[in-house]
Amino acid sequence: MSDESARTLPPRLREPERIAREHGESRLALLAEGLHTGDPVADAAFADLAGGGGAARRTLAAGLSDGLASLEDVPPGIARLLRESEEAVAAADPELLERGDVASIAVDPFWSRIALALGSLVHTYSAPGIARVLLGTGKLTESAGRRLAETALWRTNAILPGGLLRGAPGYADTVQVRLLHARVRAATQRRGWDAERWGVPINQVDAVRTWLDFTIVPFRALEKVGIVLSEEEERDLHRYWRTVAALLGVDPRFSADVVDHASADRLLALVETANDSPDETASALVHALLDALADGPLGQVLPLQGASVRRLLDALTRLIQGDDLADALGLGAEDPAPYAPLLAMANAQVRRWERANEETWRQALHAHTEFRRGEFAHLPGTEYRDAVAEEA
């Protein structure tokens, strides 16, 4: 990205003076550059896949499994993607990757689903620029349940012990998600995307925001129901997800300084300055997601029936996201705040029992890990895997 384009401020940066005052001129410039920038490495690799047919796809699959060094005659874009991915893993703490994202694994599966759906995905969908890209990929509102399950499967594979090691499912899935973004970016641009208004499709700013939707956003949500991390757990969470950021192609100038919740909050506040309030597209995606949850496995485990399930989900979303965003999305006015202390007390007590001694903690962590291994194993396939396997 040239200096001239970096200085061009897209309309999404509505208050540049305030951004510069609160975050610094350099961060304003980084935002402007990020809105103009997609992921050149993934785009080049996807071009190789599009032009290389089955041979290129087999090369990529072998590289993800066995490494770049095992290959010969690798197309340059695919080679660079594999090299960058392997370097991201090599730069990480091997013991941390072997353990997995323990902070996320240790969350009760029910509350993990709530935090993912009503925390992470509602927040992702609420950004108009992201919502418009997602809607353009197809019938997202009609397939919200499947998209939720696919996202949950990717996250599960990414956080499990050893999941990000080269050849592991989480490693391969994360690189394939990156390539799916490249495919969507190319298709969106072909449809006449207004880059001046919204920035490049799946640009760096939106990628950073989405990355944060799997760390600070769900864990701030979980704090409201009594699931709180220690300082050490916070640090390990964000160290682990910096490797995910690298595998997803997030510019390290955004991610490198995120070491705990406080620094993640600062980065989220920065990228939120590039977002408008939710529009009709964002609202439609969120309502489709909540309907899918109410009608799906999550709704089936709740001791409620009919419209009561959806009202509870609206109420929990309002608790997690706050009244301003909930109102902008057109969610129901149910208020769970009076009951939040009871939820928090129960969850805090369970976590105390799990951490009572080394043995109870080992048993709890093992149970959560094994549950997650099978939670989404029934899925016949995913869009991010299919996007790499299919002819482009």
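A contact here means heavy atoms within 4.5 Å. By that criterion, residues 24 or more positions apart account for 77% of the contacts in the protein chain with a separation of 6 or more.

The structure is a predicted model, in which local features need pLDDT of at least 70 and side-chain atom pairs count only at pLDDT 80 or more, while totals for chains, interfaces and linings use all residues. Residues are numbered from 1 along each chain as its sequence is written, and side-chain values use heavy atoms, with hydrogens and water left out.

**Overall fold**

The protein chain has 24 helices and 0 strands; these are DSSP runs numbered from the N terminus, with helices being H or I of at least four residues and strands E of at least two. Its radius of gyration is 21 Å, which agrees with the value near 21 Å for a compact globule of 392 residues. That radius is taken over C-alpha atoms, and the globule rule is 2.2 Å times the number of residues to the power 0.38. The C-alpha trace spans about 60 × 50 × 40 Å along its principal axes.

**Surface and charge**

Of the 392 residues, 54% count as buried (under 20% relative accessible area; exposed is over 50% and partly exposed in between, with a 1.4 Å probe and protein chains only). The chain exposes about 17100 Å², and carbon and sulfur atoms supply 53% of that area, computed by the Shrake-Rupley method with a 1.4 Å probe. The mean positions of the 42 positive and 59 negative charges are 1 Å apart. Lys and Arg count as positive and Asp and Glu as negative, without His and the chain ends; each charge is placed at NZ of Lys, CZ of Arg, CG of Asp or CD of Glu.

**Local features**

Thr317 lies in helix 20, residues 307–321, and counts as buried because its relative accessibility is 1%. The Thr317 side chain reaches the backbone oxygen of Leu313 at 2.7 Å, a polar contact (a pair of N or O atoms within 3.5 Å; within protein, one able to donate a hydrogen and the other to accept it, and residues adjacent in sequence counting only if both atoms are side-chain atoms). Beyond neighbours within four places in sequence, Thr317 is in contact with Leu118, Val122, Leu290, Gly322 and Leu331.

Most residues other than glycine have a negative phi.

| Residue and phi | Loop | Relative accessibility |
|---|---|---|
| Asp73, about 55 degrees | between helix 4 (40–66) and helix 5 (76–90) | Asp73, 76%, exposed |
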